Every structure is written in C-alpha cells, then in structure tokens.
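Q: I have a structure open and would like to go through it piece by piece. Can you help me read it?

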Amino acid sequence: MIKMKLDDELTISQLEEKVWKFIENRNWEKYHKPKDIAESICIEAAELLELFQWRSHEEVEKLMGREDYRNRIEEELADITIYILSFAKVTGIDLSKSIIEKIEKNAKKYPVEKYYGKAYLEGNIKLDSTYQSS
Ligand SMILES: [Mg+2]
C-alpha cells in the first residue's frame with residue numbers, strides 16, 4: 001500500500017487560503033501585519049529550537065522516534081509555516097516563485113563543483129561587519 005502525503009495533494013495557495021480563512025473567521029487580520037508576522041516566525045522558530053536545546057544529535061535522533069516528541073516538532077514546524085503563509089498572503093509574495101528564484105540564486109552562489117560535500121570553503125569565513133547575507 002502506497003502512503004500518500006497530504007503535501008502531494010495540497011498546493012501552497014490552498015494552504016495559504018486555509019490559514020487566511022482561519023484568521024478572517026476570528027477577525028484577526030488587524031494583527032497580521034508584516035512586522036508582527038516576522039516576529040511571530042522568529043518566536044515559533046525559537047520554540048522549535050528549544051526542543052533541541054542541550055541535546056546531542058544522537059539524543060535528538062532517538063527522541064524523533066518518540067511520538068510525543070515528534071508531535072511537538074511537527075506542531076512548531078506547522079506554526080512557523082502558518083506564519084510564513086500568512087506573511088506571503090498579506091504581502092502578496094508568491095512563495096513558489098520566491099523559493100525557485102532563491103534556489104537558482106543559491107545554485108550560482110554555491111556551485112556544485114566547488115561546494116560538493118562542503119558547507120563552506122576553507123579560509124572563506126568573513127568575520128567583519130561588511131559581511132552581507134543573501
Ligand atoms: Mg508554537
């Protein structure tokens with residue numbers, strides 16, 4: 001039996017509409033402004049990070065086999081994603097377009113032939129304030 005993921009059935013736009021309907025039904029549109037949503041994304045990301053605090057990779061791997069721990073991870077990941085979808089909705093950002101464009105930009109920035117198996121290049125660490133992320 002093939003287990004289908006809901007991810008294979010719903011589009012990002014459909015999820016965005018579900019999130020926005022939830023917000024509208026509660027008359028919460030007034031709270032969903034870009035700055036407030038960006039803060040909420042960070043807060044939820046911190047809640048996700050807290051589940052890993054002080055634990056080794058091995059401990060986390062074991063814990064991921066526990067249903068209660070995995071559920072907590074799933075909930076925080078959902079919280080982050082819900083705020084990302086809300087942000088995209090209120091700003092009119094086309095998430096799929098943004099993601100595809102960013103992957104293409106990253107592919108140019110980190111060419112396979114230079115970065116295969118490496119997250120960074122030796123001697124390429126910038127520690128001064130002129131560092132610019134992209
Ligand atoms: Mg949360």
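Q: Which residues coordinate the magnesium ion?
A: This is a predicted model. In it, the magnesium ion is coordinated by Glu44, Glu47 and Glu76 through OE atoms and by Asp79 through OD, at 2.1 to 2.2 Å.

Q: How are those donor residues spaced in sequence?
A: The donor residues of the magnesium ion follow the spacing E-x2-E-x28-E-x2-D.

Q: Is Glu76 buried or exposed?
A: Glu76 counts as buried, because its relative accessibility is 6% and the cut-off for buried is under 20%.

Q: And Glu47, what is its relative accessible area?
A: For Glu47 the value is 30%, so Glu47 is partly exposed.

Q: Back to the helices. At what angle do H2 and H4 cross?
A: The axes of H2, residues 34–50, and H4, residues 67–91, cross at roughly 165° and come within 9 Å. Because of that angle, H2 is roughly antiparallel to H4. The crossing of H2 past H4 is left-handed.

Q: Which residues meet there?
A: On the H2 side they are Pro34, Ile37, Ala38, Ser40, Ile41, Glu44, Ala45, Glu47 and Leu48. On the H4 side they are Ile73, Glu76, Leu77, Asp79, Ile80, Tyr83, Ile84, Ser86, Phe87, Val90 and Thr91. By class, the contact of H2 with H4 divides into 13 nonpolar, three polar and four charged residues.

Q: What about H1 and H4, at what angle do they pack?
A: H1 and H4 pack at about 90°, and their axes are 9 Å apart. That angle is why H1 counts as roughly perpendicular to H4. H1 contributes Ile12, Leu15, Glu16, Glu17, Val19, Trp20 and Ile23 to the contact, while H4 contributes Ile82, Leu85, Ser86, Ala88, Lys89 and Val90.

Q: How many of those are nonpolar, polar and charged?
A: The contact of H1 with H4 has nine nonpolar residues, one polar residue and three charged ones.

Q: New topic, the loops. Where is Asn27, and what is its phi?
A: Asn27 sits in the loop between helix H1, residues 12–25, and H2. Its phi is near 55°, a positive value in a residue other than glycine.

Q: Why point that out?
A: Because most residues other than glycine have a negative phi.

Q: Where is Trp54, and what is its phi?
A: Trp54 lies in the loop between H2 and helix H3, residues 57–63. The phi of Trp54 is near 70°, again positive in a residue other than glycine.

Q: Last topic, distances. How far apart are the C-alpha atoms of Thr91 and Glu67?
A: They are separated by 36 Å, and the two residues are 24 apart along the chain. Thr91 belongs to helix H4 and is partly exposed, with a relative accessible area of 33%.

Q: And the C-alpha atoms of Ser13 and Glu61?
A: Those are separated by 33 Å, with the residues 48 apart along the chain. Ser13 is in helix H1, and with a relative accessible area of 51% it is exposed.

Notes:
Residues are numbered from 1 along each chain as its sequence is written. This is a predicted model: local features need pLDDT of at least 70, side-chain atom pairs count only at pLDDT 80 or more; totals for chains, interfaces and linings use all residues. Side-chain values use heavy atoms; hydrogens and water are left out. Axes are lines fitted to C-alpha atoms, for helices over the stretch in contact, and angles run from 0 to 180 degrees between N-to-C directions. Helices (H or I, at least four residues) and strands (E, at least two) are DSSP runs, numbered from the N terminus. Angles under 35 degrees count as roughly parallel, over 145 as roughly antiparallel, 65 to 115 as roughly perpendicular and the rest as oblique. A crossing is left-handed if the near helix is turned anticlockwise from the far one by less than a right angle, and right-handed if clockwise. Contact means heavy atoms within 4.5 Å. Ala, Val, Leu, Ile, Met, Phe, Trp, Tyr, Cys and Pro count as nonpolar, Asp, Glu, Lys and Arg as charged, and the others, Gly among them, as polar. Buried means under 20% relative accessible area, exposed over 50%, partly exposed in between (1.4 Å probe, protein chains only). Donors are N, O and S atoms within 2.8 Å of the metal (3.2 Å for Na, K and Ca); water is not among the atoms, so sites may look incomplete.
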